[in-house]
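Student: I would like to go through the labels used for this structure and ask what stands behind each one. Could you show me the model before we start?

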Amino acid sequence: MRATELLAPTLREVPAEAEVVSHKLLLRAGFIRRSTAGVYTYMPLAMRVIKKIKKIIREEMDRQGGQELLLPVIQPAELWQESGRWDIYGPELFRLKDRNNRDFALGPTHEEIITALVRGEVNSYKQLPLMLYQIQNKYRDERRPRFGLMRGREFIMKDLYSFDRDDENLNISYMKMYEAYTNIFRRCGLRFRTVEADSGAIGGSDTHEFMVLADSGEAVVLYCEDTGCDYASNVEKASQVHVTEKSEEELKPLVEKETPGCRTVAEVTDFLGISPRKIIKTLLYESDKEIVVALIRGDREVNEVKLLNALGAIRLELAGLNMVRGVTGASAGFAGPVGLKGVKIIADPEVAALTNAVSGANKDDIHLMNINPGRDFEMDHVTDIRMVQAGEPCPRCGSRLVEARGIEVGQIFKLGSKYSKVLNAYYLDESGKSKPIVMGCYGIGVTRTMAAAIEQNHDRDGIIWPASIAPFQVVVVPVNVKDKTQVDIAQEVYQRLVIAGVEVVFDNRAERAGVKFKDADLIGYPLRITIGSKAVNVKQVEIRIRRTGEVIIASMEKLENTVKKLLVNL
Ligand code: ATP
Ligand code: MG
């Protein structure tokens, strides 16, 4: 490809709209352009990266027995009503009507449509197992579309669905996908971790997420510092190892104490001169079912995913100020569990173990001292509802947990018979007995993977593509386009590499060498071949490795070999 024919409009300025590195660099290097919030055009360079990621995915899916198909994006509401998700999916579902006023959705995921397909086509155990996948645009009206391709409203996903006779066979399909995903992200040149994840309140059992490790990641991952232990978990899922500290303290009588203006844990502990470990943090939540009070120790944070699961709820939100006043009679910051009526109280085990604790008195500017759970208030439910932090013991081996940030690029999920039962996808086993098909689903964010690769591979000059997914592997730059001999040699190098099967751009633009070098670094070609006076005089070219900045002087004769050898390790 000649640079004069390539649509790769690079920008010198950092666009104001972009917050994270991948978003900035994708815009600056001419890979994407925004259409509207969370919706982008993939320019030719981006398409080349996407094609490569898709190719790797297809190879690994096919290797495990996956068959590619293409399901419709437009899905009838009836199917979503049948599965019950038309109502619970909420505002993330893009909904539309046709000219006859019938309801439809743009597919955010395809469990309904594929289960409906399979119920029509599969009726015997002889047709199982089946693994069907597609690579397609997905639509989700995200609350906060942001970070460029990281959280879009239209994005490309690979989704595979497995159909098995029973749990045992589902485990086999699941392990196949686990292996395929490991291969895919390794082949994309990414550093990643596979972590246990939360499967949500809505059924399902085992699930793992594949996290590309990067500081800009939205997810927090906890893993065991002992390299012999393979425990790694999304923080949403990580469970606490609860050690009950037996208190020797004598139970003291309740006392009200004036705490003017002390609303936060820090303000209360400062004012009273006590440890946050003595505080019962009282948080009011509204779920789709009820109003609940969550109690955790003052030095901890609530894990809303755990809370949601413990409640078996679908939605959960912190209650507004009016609701807090309505339930507690006090303004926010002075809520406490003693004397609360008509609400469900759910407490973390660390709270249940406290003696002579402190919390709001449900009166403005007053806290209660010497609260003893069980004596002074009843708990409806005691269960782990808090965030685990780095430094706490590993639930598997007891060593210390370490924290890292990650970008979720893929997730695999055992669905069981959740969808097959509601959507009526049954098969007949050997004895003629009708059984629900056992399913799994497995997604990879293709466009998010491209962005994650940049988050992990860049420097201040631009992108550093792993060679396996780079839009082109090499750029050839003649230093002086006015020097005909240099241009001729550059042309020759370009053609020889093309014939050798290397993906190469010939930067034949009438620009200064400095401009071309800057663009080459920004776009992130793994190798840059510079054709200068040495090429004319002693038949040598300079090969610069983008990742390390290392420069290799190569003879023209063995150029193809040298380039190919270098690319293998990038
Ligand atoms: P998240 O928790 O980040 O919202 P999710 O768990 O809802 O993602 P899945 O339903 O598991 O996502 O989708 C499979 C994959 O699709 C994810 O692992 C991610 O790589 C990608 N993905 C999900 N939502 C988006 C989005 N809004 N933009 C880009 N990629 C996405
Ligand atoms: Mg997910």
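Student: Why is E408 called partly exposed?

Tutor: Its relative accessible area is 28%. Buried means under 20%, exposed means over 50%, and partly exposed is what lies in between, with a 1.4 Å probe and protein chains only. At 28%, E408 therefore falls into the middle class. Do keep in mind that this is a predicted model, where local features need pLDDT of at least 70, side-chain atom pairs count only at pLDDT 80 or more, and totals for chains, interfaces and linings use all residues. Residues are numbered from 1 along each chain as its sequence is written, chains are lettered from A and ligands numbered from 1 in the order in which they are written, and side-chain values use heavy atoms, with hydrogens and water left out.

Student: And what makes Q411 buried?

Tutor: Q411 has a relative accessible area of 19%, so the under 20% rule puts this residue in the buried class.

Student: What coordinates the magnesium ion (ligand 2)?

Tutor: E408 (OE) and Q411 (OE1) do, at 2.0 to 2.4 Å. Donors are N, O and S atoms within 2.8 Å of the metal (3.2 Å for Na, K and Ca), so these atoms qualify. Water is not among the atoms, so the site may look incomplete.

Student: Where is W80, and what makes it buried?

Tutor: W80 sits in helix α3 (residues 77-83); helices are DSSP runs of H or I with at least four residues, strands are runs of E with at least two, and both are numbered from the N terminus. Its relative accessibility is 0%, so W80 counts as buried. Leaving aside neighbours within four places in sequence, W80 is in contact (heavy atoms within 4.5 Å) with residues including W86, Y89 and P108. W80 and E111 lie 31 residues apart in sequence, with 9.6 Å between their C-alpha atoms.

Student: Which residues does A535 touch, beyond its neighbours within four places in sequence?

Tutor: I489, Q540 and V541. A535 belongs to helix α15 (residues 533-538) and, with a relative accessible area of 0%, is buried. Its C-alpha atom is 7.2 Å from that of Q486, 49 residues away along the chain.

Student: What makes the peptide bond between L128 and P129 cis?

Tutor: Omega is about 0° there. P129 is in the loop between α5 (111-121) and β7 (130-139).

Student: Why do F147 and N370 get a mention for phi?

Tutor: Most residues other than glycine have a negative phi, and most peptide bonds are trans. F147 has a positive phi near 60° without being a glycine, and N370 has a positive phi of about 60°, also without being a glycine. F147 is in the loop between β7 and β8 (154-164), while N370 is in strand β19 (residues 366-371). F147 is buried at 11% relative accessible area, and N370 is buried at 12%.
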